[in-house]
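Trainee: Could you walk me through this structure, giving the general idea behind each feature before the particular case?
Mentor: Gladly; let us look at it together and go feature by feature.

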Amino acid sequence: MSLPNFPEVSPPINRDDAINYILTSIALEELGLSHVINAEGEKIQYALGTLPGITGPNPSIEEIIEVNKNVRGILDSTAQNQIILNSKMKNALAAPTLQGPTGPTGPTGPSGGVTGATGPTGATGATGPTGATGPTGITGPTGSTGVTGPTGVFVPGDLLFNVIGPIGTAGVGYGETITFQSSTLDITVTPGSAIVTIEDPNTPGPTGPTGATGPTGATGATGADGATGPTGATGPTGADGATGPTGADGVTGSTGATGPTGADGVTGPTGATGPTGADGATGPTGADGASGPTGADGVTGPTGATGPTGADGVTGPTGSTGPTGADGVTGLTGATGPTGADGVTGPTGADGVTGPTGATGPIGADGVTGPTGATGPTGADGVTGPTGATGLTGATGPTGADGVTGPTGATGPTGADGVTGPTGATGPTGADGVTGPTGATGPTGADGVTGPTGATGLTGADGVTGPTGATGPTGADGVTGPTGATGPTGADGATGPTGATGPTGADGATGPTGATGPTGADGATGPTGATGPTGADGATGPTGATGPALGSTLMEAEWATGGTTTLDDGNAVPFDSITASKGNISYVLGSGAFIINETGFYLVNWWVATDGAQASPTITFDLELDNITVSQTASPIVSGQVTGTALVVVSTTPLTLELVNNTGADIFMPNTSIQAALTIVRVSSLS
């Protein structure tokens, strides 16, 4: 065996050149492998008939599988070669560099030619950074004090400072003063440092505890009301006492579901007011929005007519009577006339059994009152006999007409308000009783003429009171004398508890609404209430007019015997089976041309199963009427089911309808039981 003989390389190459040549050879091999892979791809395209510009042999499935095996063997060899090239490249890149020893330094070469002229000065370089600051030098001696300048002069009125208040601004000059004034505040000025102290002297002290309520005194007999004196002038209102803390609000009940709003019925009478529910817990106060400008006051509307007074509610229980006020000063007693001599009183007979009291007869008309005679002296008071049992109270007669009210006297000054005690818990409001209808007010009778009052004689000593004789019939009322002057009003007694509040009268007419102020910021939205029940369905509308009958003309066909074949470009789908037919549409099996012999609107639905289209990336079908495209469908899916629908107008007859392959290439059809189907239905006439 001979040893390998390498040819002589001229010029000789070094180690670095050899490594570079190895890397270059790897790159050239990679380029060759890329061409091999591209050739295998074109081989597959040729076998499938998808290579642009070349028509394939239309191979069978077995032939395609054989081509696939061949390509896979080439790619396996290519992958193995890639592993070898990768290893070769790594070894070449990892080869160490072998550097020999440094040779001796060669002799210095001769100097160059004559030194050239000095070139121009270059541009000044950038300034370097500033150096560190040196140490501070020794402080020099202090210079002599300069001549004192002339003293400045303040001219009266020169501005010293400004005083700025909530309203207005003023300047204070030299020689001017500031005066603090207030009718409600204490102002103290301390000399020397100009300290001004301003305090409110009317700040109330803490509220003392409420004293225990004293026992209620016995109720005194109520005296007859005197005529109302004139109301005195109203005095100034005293300062309000400190308000006690408000009681905690009760928890708010949950809101019920909102029902549907019914139609407004006639407003019925107002029902009794139910008890007021406890107040719900107060939510947190939202941030105050910016205060808008106060709108101008609206014109006060005219006072509405006073509504009728509501019927009186059921009278609540009478509060305990306060102590009777002190009696007023008793006026001077007029002179009493002499009392006439008493007649001799006969012996009183034994009382007989008292019979039942008969019904009271009607009161006779009042007779004219004669002049009052002079009163005789009053006799001495006799011993008061025991008070008899009180009889049953008779029915109350109608109230007489009110007398004319005298003028109101001036109101006296209002006393200062007492300290307000803590507010007690509010009790539940009782239900209002049913209000009865108010009866019509009868006419007021005219007052009779009042006769003059005679002078009163001296009061004689009361004599012993004899037994009470039988009561005679009531005489006619005399004419009422004039009312005497009213004595001063006694001090008011303590106010008893307030009775139940009667029903509120009808509201007066509402005045015109003032200008609307700016809207504040919206509060947080509360939770949405439950949805009310759905309202009843509305009445059914009238039935519309009957439309025209559909399907009077139709045709349904299929392509079911194609097998594995192709549909040439430009050819119509050769439907070869009619599954339904009615009306004026005719068709010759296998022709692909449907003859329509009735005008109208036709709905056409179709589908075609495909299995590729040579090199075309899409498949296109045209629906044509007499060779004119009326609808076009393009699908990027070349293997699958292409579908389409169209509404076709047939205005003249006869017309030929076809489904045509307009892909620009033949379409491969799959081996399925049905390759295509088409339905034509007349849906309407032209009118």
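Trainee: Is T566 buried or exposed, or something in between?
Mentor: Buried means under 20% relative accessible area, exposed means over 50%, and partly exposed lies in between, with a 1.4 Å probe and protein chains only. T566 has a relative accessible area of 31% and is therefore partly exposed. This is a predicted model, in which local features need pLDDT of at least 70 and side-chain atom pairs count only at pLDDT 80 or more, while totals for chains, interfaces and linings use all residues. Residues are numbered from 1 along each chain as its sequence is written, and side-chain values use heavy atoms, with hydrogens and water left out.

Trainee: Where is T566 placed, and which residues does T566 touch?
Mentor: Helices (H or I, at least four residues) and strands (E, at least two) are DSSP runs numbered from the N terminus, and T566 belongs to strand β6, residues 565-567. Contact means heavy atoms within 4.5 Å; leaving out residues up to four places away in sequence, T566 touches I667, F668 and M669. T566 and T610 are 44 residues apart in sequence, with 9.2 Å between their C-alpha atoms.

Trainee: How many helices and strands does the protein chain have?
Mentor: The protein chain has two helices and 16 strands. Of its 687 residues, 13% count as buried, and among the contacts with a separation of 6 or more, 76% come from residues 24 or more positions apart.

Trainee: How do α1 and α2 cross?
Mentor: Two packed helices are described by the angle between their axes and the distance between the axes. Here the axes are lines fitted to C-alpha atoms, for helices over the stretch in contact, with angles from 0 to 180 degrees between N-to-C directions. The axes of α1 (residues 15-48) and α2 (residues 61-94) come within 10 Å and cross at roughly 165°, so the two helices are roughly antiparallel, the term for angles over 145 degrees, where under 35 is roughly parallel, 65 to 115 roughly perpendicular and the rest oblique. By class, their contact has 19 nonpolar, four polar and five charged residues, where Ala, Val, Leu, Ile, Met, Phe, Trp, Tyr, Cys and Pro count as nonpolar, Asp, Glu, Lys and Arg as charged, and the others, Gly among them, as polar.

Trainee: Which residues is V36 in contact with?
Mentor: V36, which is found in helix α1, is in contact with I74 and T78 once its neighbours within four places in sequence are left aside. V36 and L75 are 39 residues apart in sequence and 8.8 Å apart in space, C-alpha to C-alpha.

Trainee: Which residues touch the most other members of the largest nonpolar core?
Mentor: A nonpolar core is a set of buried Ala, Val, Leu, Ile, Met, Phe, Trp, Tyr and Cys residues joined through side-chain atoms within 4.5 Å. The largest one has 31 residues, of which V573, F575, F594, F621, L659 and I680 touch the most other members. Not counting residues up to four places away in sequence, F575 touches residues including W559, Y587, F594 and L659.

Trainee: What should I note about the backbone at P654 and Q614?
Mentor: The peptide bond from T653 to P654 is cis, with omega near -5°, and P654 lies in the loop between β13 (639-650) and β14 (655-661). Q614 has a positive phi of about 50° although it is not a glycine, and Q614 is found in the loop between β10 (600-611) and β11 (619-625).
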